[in-house]
Amino acid sequence: MTADSVRIVLVRVRNPLNIGAAARAMSNFGFGTLRVVNSYEVAFREARSAVGASEVLSQAKQYPSVAEAIADSTLVVGTTAVGHRELKHQVRRLEEAGEIISRHAGAVALLFGSEKTGLSNDDLACCHWLLRIPTCEEHFSMNLGQAVAVCLYELVRQSNSVLESEPPQAAPAGMLDRTTSVLTEALYRKGYMTAEAVDATKEKVRRLIRRLNLSKEDAETLLGMVRHVSRDVDNHRQ
């Protein structure tokens, strides 16, 4: 996921302050694609002309239907407070949803409904699944701008986690074999084993090194250490 691949879609939002707050949250977290569906024209116009309106608002696009707003998205996720509604879709908590979205390779549309009614059943029918922010039951409905901010924060947090958790480049087998050979030879010259036990010990060393699951960088470091030890062994023998 990248910021450019996420579309924030506001559906039938009435309050210009909420539209502005959603745009501000998008700007805070580096997201720029705002789409407004079947907007109340006065509210949208007031939000765009407000003092300090961000670039996000100036570039926002209007669509007559949810279907048209999400046409280029490969994953469509609706937001819901759930409440007392009987939903046909799978509902994921925000942290789980954020992880899935952050790993999605295509374009993602994140839908937010109106302040009073949320997303309609027709809107939800366009979604692959739904997410909810884990608010308390007594006050489960959030302000639109706050909901957008919380969701985008989670996406950023999860995206950073995905980047940080990407495994480093694994060490090639040839490098591991060189390390095995140099280390086994140094152990033999140091008197750790007899000539007859060299092959058996080398197999043990090979298995041990592979169990370490070394990255290429770590393997290079280890090989350098082993070579240094090997040269030290040669110097002492001389």
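Reader: Before we dig in, what is a salt bridge here?

Author: A salt bridge is a side-chain nitrogen of Lys or Arg within 4 Å of a carboxyl oxygen of Asp or Glu. Keep in mind that this is a predicted model, where local features need pLDDT of at least 70, side-chain atom pairs count only at pLDDT 80 or more, and totals for chains, interfaces and linings use all residues. Residues are numbered from 1 along each chain as its sequence is written, and side-chain values use heavy atoms, leaving out hydrogens and water. By that definition, the number of salt bridges in the structure is 12.

Reader: Okay, which residue forms a salt bridge with arginine 35?

Author: Arginine 35 lies in strand E2, and its partner sits in the loop between helix H4 (66-69) and strand E4 (75-79), so the pair ties together parts that are 37 residues apart in sequence. (Helices, H or I with at least four residues, and strands, E with at least two, are DSSP runs numbered from the N terminus.) The closest N and O atoms are 3.0 Å apart, and the partner is aspartate 72.

Reader: Is arginine 35 buried or exposed?

Author: Buried means under 20% relative accessible area, exposed over 50%, and partly exposed in between (1.4 Å probe, protein chains only). Aspartate 72 is partly exposed at 38%. Arginine 35 has a relative accessible area of 9%, so the word for it is buried.

Reader: And which residue meets arginine 157 in a salt bridge?

Author: Both partners lie in helix H7 (residues 144-165), 3 residues apart, about one turn of the helix. Arginine 157 is partly exposed. The N to O distance is 2.7 Å, and the partner is glutamate 154.
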